[in-house]
Each structure stands twice: as structure tokens, then as C-alpha cells.
Amino acid sequence: MNTEDIRKIGIIGSGTMGRGIAICSALAGFETVINDISAEALTNSGSAIEKILSVSSEKKKITEEEKNAALSRIIYASDFNSLKDCDFIIEAAAEDELIKKDIFSRLDSICRSDAILSTNTSSLSVTNISAAVKNNPGRVIGMHFFNPANIMKLVEIVKGDFTSEDTLKTTTELTNKLNKTPVTAKDTPAFIVNRIARPFYGEALKILAEGTSDPETIDKVMKECGKFAMGPFELMDLIGIDVNFSVTKSVYEAFFNDPKYRPSFIQKKMTDANMLGRKTGRGFYNYNK
């Protein structure tokens, strides 16, 4: 599959990440299919995408014509078969290897053999996921966007052990077409950014658990003194406490339970209580005020 042959992009998952990627795809001129098993999630995604594009138009970041054209390119579908004619797939489902392997196995059975299948995993092995694809596993690659995907420029392109050079080349070129900055990473646990970010979150959670300081103060120090755009607790709330916890667990397991990557009981408790951050209205901060 060459970049110029890509006309239709399929995105699996209509959550925060999926809808952000869909906006990038539609604005870049691609017909875009958003697939999700939940009809309600698709409806919510449609409303969110329209709102995001409208705000961008109001702020003159895009024209009204560009907004309307992008909206017209997006198709919302709960039927998995809606992806069968896509030239390029970006899977943005839950960060669970079994779920992703099942999705890729199903894609393998319905998509053309030259269609590229990418995963937005932030920490799982692309090689392991590609093992679920029997028909040309060389077309499987990692394509890790950052939240919010419609704003953040960086995309980690992860080459698994089976990924072909042609797939790597095409994916890198497509990333540029999506107005993103591609960085190639090896298929190692958490790749580049999330590997570096573990201590950022981990030490902040340890300070909180020890009672040394509170989320507001830690975030303030990191922003005012460290010049970070967001503090660790604000960022975890934006990403999702459950997502961040899942990534930390996978990295911890991938490094054979290395203590420096050990997950925090605070995140476990918050995930169990559905205090997941912005998406549920309550995380380290209360968004329902």
C-alpha cells in the first residue's frame, strides 16, 4: 500500500483518542469511518467532534468551509464490516492486549491483504498484537498519537518484528499528511514518551501517598518552576486515570515487576471507584463544580 493509494481511513474506538484522530483524518481530506460497538458512544463522539470543529472555526484556526467538509467526510458505524473497504486502519480501543488481538484477528478476516493495520497502543508490544494477523503480518504497525490527538503533533511510529519497510514508509508519510510529526521507535515497553513519563507520574503519586504534598501544589510547582504545560495530576485527569493505570501496569509487567515502575494503589482505588478524571467529572480534581 502506497500513501497515494490511501483514500479511506478506519478508526476503531470513538472515545477521546479515536475522535481526535478522526478529526485529523477528516481535515486532511480522507474519508473517515469511526467504528464503535456502542451506538451511544458514536452519538456522543459525533456531538463532540462537531463542537471541537466549531470552536476551531470560531477561533479562525480553520475556515467554516473546512469544518463542514471535514464533518461531511466522517461516517459513524457500529457494524464492524464497515471497515472492510478501508485502506488504512487505526485501532484506538482499550489498552488491553487480548481485546486488541481479537480486533486485529477480525480485521485480518475482512480487510484486503494490502490494507495497513495500525494500533494506537501506548505501551503494548506491536509484535505480540501482529501475531493475531495471519494474512500478511508485515502490514501491522504501531501508530501512537498523544492526547488530545487533534492538537498534539507527535506520533510514535513503532516498527514490530514483522513490520515491513514498506509499511513503515507509508505510515510515516501518512503521518506527515495528517499534519503530525512522526518519530520512529523500537518495539520496546512503553516506547519513548511513556517510558520517560513513568517517573513523572510515579514520583508524583508517591509524594501524594506519603502525604508530602497535594495534587494542586505538585501541579503548581511543576508548571511554575519546571515550566511544564500541565502538572502530573492534571495530565492524568486528561488522559484518564484508568488509561494511565493500565499503561503503568503493562510497563511494570513488561519489565518483570521492576519496582521503579510499580503502579500506585491510589490509581487502583480511583479506577475502581470510576473516578477517572475529566471524562467522568471527577479525578484528582472535581470537574462537576
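Pro148 sits in the loop between strand 6 (140-145) and strand 7 (154-159). In this predicted model, the peptide bond from Asn147 to Pro148 is cis, with omega near -5 degrees. Most peptide bonds are trans, and most residues other than glycine have a negative phi.

Lys60 is not a glycine, but has a positive phi of about 65 degrees. Lys60 belongs to the loop between helix 2 and helix 3.

**The second largest pocket**

Helix 2 and helix 3 also take part in a pocket. The second largest pocket holds about 790 Å³ of space. It is lined by 27 residues, and the closest to its centre are Ile23, Ile52, Ser56, Asn150 and Ile151. Helix 1 (16-27), helix 2 (39-58) and helix 3 (64-73) are the elements that give two or more residues to this lining. What classes of residue make up the lining of the second largest pocket? There are 13 nonpolar, 6 polar and 8 charged residues.

**Helix 10 and its packing**

Two packed helices are described by the angle between their axes and the distance between the axes. Helix 10 (residues 241-254) is described here with helix 11 (residues 265-272) and with helix 7 (residues 193-209).

| Helix pair | Angle | Axis distance |
|---|---|---|
| Helix 10 and helix 11 | about 135 degrees | 9 Å |
| Helix 7 and helix 10 | about 110 degrees | 11 Å |

Take helix 11 to begin. Angles of 65 to 115 degrees count as roughly perpendicular, and those over 145 as roughly antiparallel. At about 135 degrees, helix 10 and helix 11 are therefore oblique to each other. Helix 10 passes helix 11 in a left-handed crossing. On the helix 10 side, the contact is made by Ile241, Asp242, Asn244, Phe245 and Thr248. Helix 11 supplies Gln267, Lys268, Met270 and Thr271. By class, this contact of helix 10 with helix 11 has 3 nonpolar, 4 polar and 2 charged residues.

Now helix 7. Helix 7 and helix 10 pack at an angle of about 110 degrees, which makes helix 7 roughly perpendicular to helix 10. The crossing of helix 7 and helix 10 is left-handed. Which residues of helix 7 meet helix 10? They are Asn194, Arg198 and Tyr201. Their partners in helix 10 are Asn244, Val247, Thr248 and Val251. The contact of helix 7 with helix 10 divides into 3 nonpolar, 3 polar and 1 charged residue.

Note on methods:
Residues numbered from 1 in each chain as written. Predicted model: local features only at pLDDT ≥ 70, side-chain atom pairs only at ≥ 80, totals over all residues. Heavy atoms only, no water. Axes fitted to C-alpha atoms, helices over the stretch in contact; angles between N-to-C directions. Helix = DSSP H or I, 4+ residues; strand = E, 2+ residues; numbered from the N terminus. Parallel < 35°, antiparallel > 145°, perpendicular 65-115°, else oblique. Left-handed = near helix turned anticlockwise from the far one by under 90°. Contact = heavy atoms within 4.5 Å. Nonpolar A, V, L, I, M, F, W, Y, C, P; charged D, E, K, R; others polar. 1 Å grid on protein atoms, 1.4 Å probe; cavity = no way out; pocket = protein on both sides within 12 Å on 5 of 7 lines; lining within 4 Å. Points joined across faces, edges and corners; volume = space filled by probe spheres on them.
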